[in-house]
Amino acid sequence: MESATVTVGHAEHHHGPPEANQSSRIDRQTLGILLFIVSEVMLFGAFFASYFFLRVVVDPPSWPPEPYHLPVGVAGMNTAILVSSSFTIHYALEAIRRGNHKGLKLGLVATWLLGATFLFIQINEYVHIGFSARDLGFGSIFYSLTGLHGAHVFVGLMLLTFATIRAFRGHFGPKAEDHLGVEVPGIYWHFVDIMWLVVYVTVYIL
Amino acid sequence: MRLNEAAVFKWVVIVGLAAALVVAVTLLTRPLVGSLLGLVIVIAGCVYAYRWARERWS
């Protein structure tokens with residue numbers, strides 16, 4: 001009898017590693033993207049430190065150095081396009097929270113198109129800007145900062161591509177845990193948008 | 001409170017308005033004035049973000 005009791009007790013006992021702790025305040029996916037964003041802020045911080053070192057500590061006679069000029073107007077229009085894309089992805093998420101699948105698809109497609117337009121205009125700007133990354137420290141830091149951001153936009157577009165395909169396949173639902181595949185890229189996209197606002201004001205305006 | 005996309009979207013609007021203010025002041029005055037305003041906004045934003053994060057986490 002005693003051995004049977006012991007066997008039942010062992011069967012009820014959990015084998016293998018303990019269950020991972022799950023916070024009741026934040027789900028793992030959202031915590032993961034937030035920690036990733038914190039690391040990205042530090043990466044951008046390093047590039048901004050280089051920028052301000054070149055601009056303030058090295059202190060060239062003019063900024064941008066003659067004869068270079070930055071296309072402030074075109075970049076401003078590009079900024080408006082990227083900011084608009086944050087509104088469209090927010091619209092997509094609000095739509096799926098209400099169970100509106102059509103709105104989700106519309107918002108995601110609009111966001112993807114606006115992001116792709118931003119990237120296209122930035123590449124076009126590189127082609128016509130008249131200096132390269134090899135032209136002084138200014139050229140290096142300009143291409144480094146805007147290129148780093150452009151790479152993030154590209155990654156965001158990839159995430160949005162997957163989310164859009166999944167949306168058209170009907171993978172998402174109104175409950176919070178049923179649309180994490182849009183929520184997480186949405187948070188990343190907002191981060192990319194905020195970083196561009198900082199890059200634009202710092203590099204093109206100040 | 002829950003940390004989600006809607007909470008982060010609020011920050012896009014806040015940073016967007018702050019950036020618009022810095023751009024307007026810089027274009028109307030001098031880059032130095034815009035830079036100082038930007039610095040003040042960044043410091044104020046950091047304090048607000050710290051309080052906001054604590055509120056979200058408690």
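Helix α5 (residues 136–168) of chain A and helix α6 (residues 180–205) of chain A cross at roughly 160°, and their axes come within 10 Å. Axes here are lines fitted to C-alpha atoms, for helices over the stretch in contact, and angles run from 0 to 180 degrees between N-to-C directions. α5(A) and α6(A) are therefore roughly antiparallel (over 145 degrees; under 35 is roughly parallel, 65 to 115 roughly perpendicular and the rest oblique). Their crossing is left-handed, meaning that the near helix is turned anticlockwise from the far one by less than a right angle.

This is a predicted model: local features need pLDDT of at least 70, side-chain atom pairs count only at pLDDT 80 or more, and totals for chains, interfaces and linings use all residues. Residues are numbered from 1 along each chain as its sequence is written, while chains are lettered from A and ligands numbered from 1 in the order in which they are written.

Which residues of α5(A) and α6(A) meet? On α5(A) they include Phe142(A), His149(A), His152(A), Gly156(A) and Arg166(A). On α6(A) they include Gly181(A), Pro185(A), Trp189(A), Trp196(A) and Val203(A). Contact means C-beta atoms, placed from the backbone, within 7 Å. The residues of this contact divide into 15 nonpolar, five polar and one charged. Ala, Val, Leu, Ile, Met, Phe, Trp, Tyr, Cys and Pro count as nonpolar, Asp, Glu, Lys and Arg as charged, and the others, Gly among them, as polar.

Now step back to the whole chain. Chain A has six helices and zero strands. Both are DSSP runs numbered from the N terminus: helices are H or I with at least four residues, strands E with at least two. The C-alpha trace of chain A spans about 95 × 40 × 25 Å along its principal axes.

α3(A) itself has 26 residues, which should span 38 Å at 1.5 Å a residue; its end C-alpha atoms are 38 Å apart, so the two agree. The expected span is 1.5 Å times one less than the number of residues. Just after α3(A), Gly99(A) takes a positive phi of about 80°.

Next comes the pairing of α5(A) with helix α4 (residues 101–128) of chain A. Their axes come within 9 Å and cross at roughly 155°. α4(A) and α5(A) are therefore roughly antiparallel. Their crossing is left-handed. Trp112(A) and Gly115(A) are among the α4(A) residues that meet α5(A), where Gly150(A) and Phe154(A) are among the partners. The count is 14 nonpolar, eight polar and one charged.

Last, the interface. In it, 18 residues of chain A are in contact with 18 residues of chain B. On the chain A side, α2 (28–57), α3 (72–97) and α6 each supply at least two residues. α6(A) gives the largest share, nine residues. The chain A side divides into ten nonpolar, five polar and three charged residues.

Methods
Two residues are in contact if their C-beta atoms, placed from the backbone, lie within 7 Å.
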